[in-house]
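I open this notebook to keep track of what I look up in the structure, entry by entry. Each entry takes up one topic.

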Amino acid sequence: MSANSANTLDTLNGLFKKIYADEITELIPDGVKVLPMIPFSKKHQLGELFSVPVNLQMEHGITFAKSGDDAFMLNAPIAGRMKEAQVQGTQALLRSAIGYAAISRSQGGGDRAFKDATKHVVENMLRSMTKKLEIMALYGQIGYAVVDGTPGLNGNGEFQFLVDEKEWAPGIWAGSEGLPLEFRNAAGSTVRGSANVLKVDYENKAIILDSAVAGLADTDVVWHKGAYGNEFAGIHKILSNTGTLFGISASDYSLWKGNTSTLAASTPLSFTALQDAVALAVGKGLDSKVTVLVNPDSWSDLLNQMNTLRKYDASYDKKVMENGSVAIKFFSQNGEMDIVPSIYVKRGYAYGIAPEQFERVGSTDITFKRPGKGDDFFRELENNAGYELRAYSDQAIFCYKPGINFMVANITNG
């Protein structure tokens with residue numbers, strides 16, 4: 001690399017750090033709800049794993065005696081049980097290119113010119129990266145959707161598949177044209193094939209592909225290509241787990257098993273259903289505020305019922321009470337419950353989480369720094385006239401007490 005190009009890279013890196021260093025979190029789109037709710041932490045890191053101590057069993061070595069008993073015999077101590085959960089972060093990396101022309105035309109214009117030349121790329125990268133991580137935070141190790149019925153050609157002769165009604169989340173598919181998909185059977189053991197999204201038919205919940213996928217069938221699972229086996233466990237996986245997760249068995253410890261309340265067929269989400277679900281978590285010790293993430297269609301159903309369970313007191317705030325508001329707030333057995341709509345939550349589910357029991361652990365949250373490269377954000381493309389910028393993340397979602405969180409399943413929107 002010539003001295004001039006080195007100086008150009010130094011200049012680019014300096015301007016990038018100066019302009020964007022404090023704006024990364026501010027550029028996260030409003031539709032992302034889980035990532036801001038669950039803080040990122042680097043603590044507990046031990047090599048490639050994150051070792052987190054969790055309490056799984058209460059102390060039971062108590063002795064009972066009548067008031068007049070003297071020198072009574074003591075029962076043996078039965079210690080509480082604490083184990084180390086082992087969490088492994090997964091990596092995600094997004095590459096984008098900026099041409100020489102865009103950078104060249106910004107030279108001499110100072111900070112404003114550089115920002116104008118790069119902001120669309122930087123903002124789009126951050127939006128893309130946070131969207132992928134938000135979906136993974138909810139559905140890591142579960143898949144984007146489930147195929148409904150037999151895929152085939154539509155009226156325009158294009159190959160398409162329908163998404164199962166309860167597996168549809170509009171945010172997952174927004175802007176997905178060009179998205180590479182991989183299709184597997186429900187068990188994940190058989191790969192049906194792969195194709196890219198050509199376009200999305202939101203009204204019919206159909207995904208049109210750029211090529212046919214032979215053997216694609218009803219109940220097959222849709223994955224971002226390359227994601228299978230390379231994602232951290234999302235909230236759905238954590239709360240529905242009945243086996244071993246993070247090295248601890250849910251069959252051995254009830255506090256390690258989340259709660260699932262499955263609604264009867266053709267039942268929309270209701271406040272009664274939420275109270276039934278939260279009762280399961282309260283039974284395992286939930287005594288704090290929960291945030292319930294719901295699909296926008298379930299949100300609409302709840303808005304139609306909200307008058308009977310509103311919270312009216314000195315803390316009344318129309319932002320959380322009126323139709324079209326940001327959150328619905330009401331009291332249940334656990335205390336306060338905030339219901340928040342998310343375009344990334346699938347229609348058939350709702351998730352009640354105690355945010356203080358969750359954490360994002362890993363070596364780094366979203367960053368434009370390249371590991372080991374300091375503040376060298378840009379690198380020259382080898383075969384094209386431009387520079388490459390990368391967004392990188394290495395993290396996982398962890399829950400200290402899955403048993404005090406809940407999921408409502410089999411929701412049918414009204």
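**Ground rules**

I note at the start that this is a predicted model, in which local features need pLDDT of at least 70 and side-chain atom pairs count only at pLDDT 80 or more, while totals for chains, interfaces and linings use all residues. Residues are numbered from 1 along each chain as its sequence is written, and side-chain values use heavy atoms, with hydrogens and water left out.

**The whole chain**

I looked up the make-up of the protein chain and found 8 helices and 22 strands; these are DSSP runs numbered from the N terminus, helices being H or I with at least four residues and strands E with at least two. Of its 414 residues, 48% count as buried, where buried means under 20% relative accessible area, exposed means over 50%, and partly exposed lies in between, with a 1.4 Å probe and protein chains only. I also looked up contacts, meaning heavy atoms within 4.5 Å: among those between residues at least 6 apart in sequence, 75% join residues at least 24 apart. The chain exposes about 19900 Å², of which carbon and sulfur atoms supply 49%; accessible areas come from the Shrake-Rupley method with a 1.4 Å probe, and for residues only the protein chains shown count as cover.

I then followed the pairing of strands, where two strands pair if DSSP finds at least two bridges between them.

Why is strand 7 largely enclosed by the rest of the structure? Strand 7 (residues 159–163) is described in that way because 4 of its 5 residues are buried. Strand 7 also pairs with strand 10 (residues 206–209), in the antiparallel sense and over 3 bridges, and here Leu 162 has Ala 206 of strand 10 as its bridge partner.

Ala 206 came up again in the next pairing, where it is the bridge partner of Asp 201. Strand 9 and strand 10 run antiparallel and are joined by 4 bridges; their hairpin has 4 residues between the strands, with Lys 205 in the turn at a positive phi of about 55 degrees. On another pairing of strand 9 (residues 191–201), I found that 5 bridges join it to strand 8 (residues 180–184), again antiparallel. Arg 184 has Val 191 as its bridge partner in strand 9, and in the hairpin of these strands, with 6 residues between them, Gly 188 takes a positive phi near 85 degrees.

**Strands 16 and 17**

Strand 16 (residues 328–332) has 4 of its 5 residues buried, so I record it as largely enclosed by the rest of the structure. Strand 17 (residues 335–341) runs antiparallel to strand 16, with 5 bridges between them. The two form a hairpin with 2 residues between them, and Gly 335 of strand 17 is the bridge partner of Ser 332.

**Single residues**

Which residue in the loop between strand 3 (49–57) and strand 4 (81–88) did I look up? It was Ala 71, which has a positive phi of about 50 degrees although it is not a glycine, and which is exposed, with a relative accessible area of 72%. Thr 219, in the loop between strand 10 and strand 11 (221–224), also has a positive phi, near 75 degrees, and is partly exposed at 43% relative accessible area. Ala 273 lies in helix 7 (residues 271–282) and counts as buried because its relative accessibility is 7%; its C-alpha atom is separated by 7.7 Å from that of Leu 263, 10 residues apart along the chain.

**The largest pocket**

Last, I looked up the largest pocket, which is lined by 36 residues, with Ser 128, Lys 132, Tyr 144, Leu 179 and His 224 nearest its centre. On a 1 Å grid over the protein atoms alone, a pocket is an open set of points where a 1.4 Å probe fits, with protein on both sides within 12 Å along at least five of seven lines, and lining residues have an atom within 4 Å of a point. Helix 4 gives the largest share of the lining, 9 residues.
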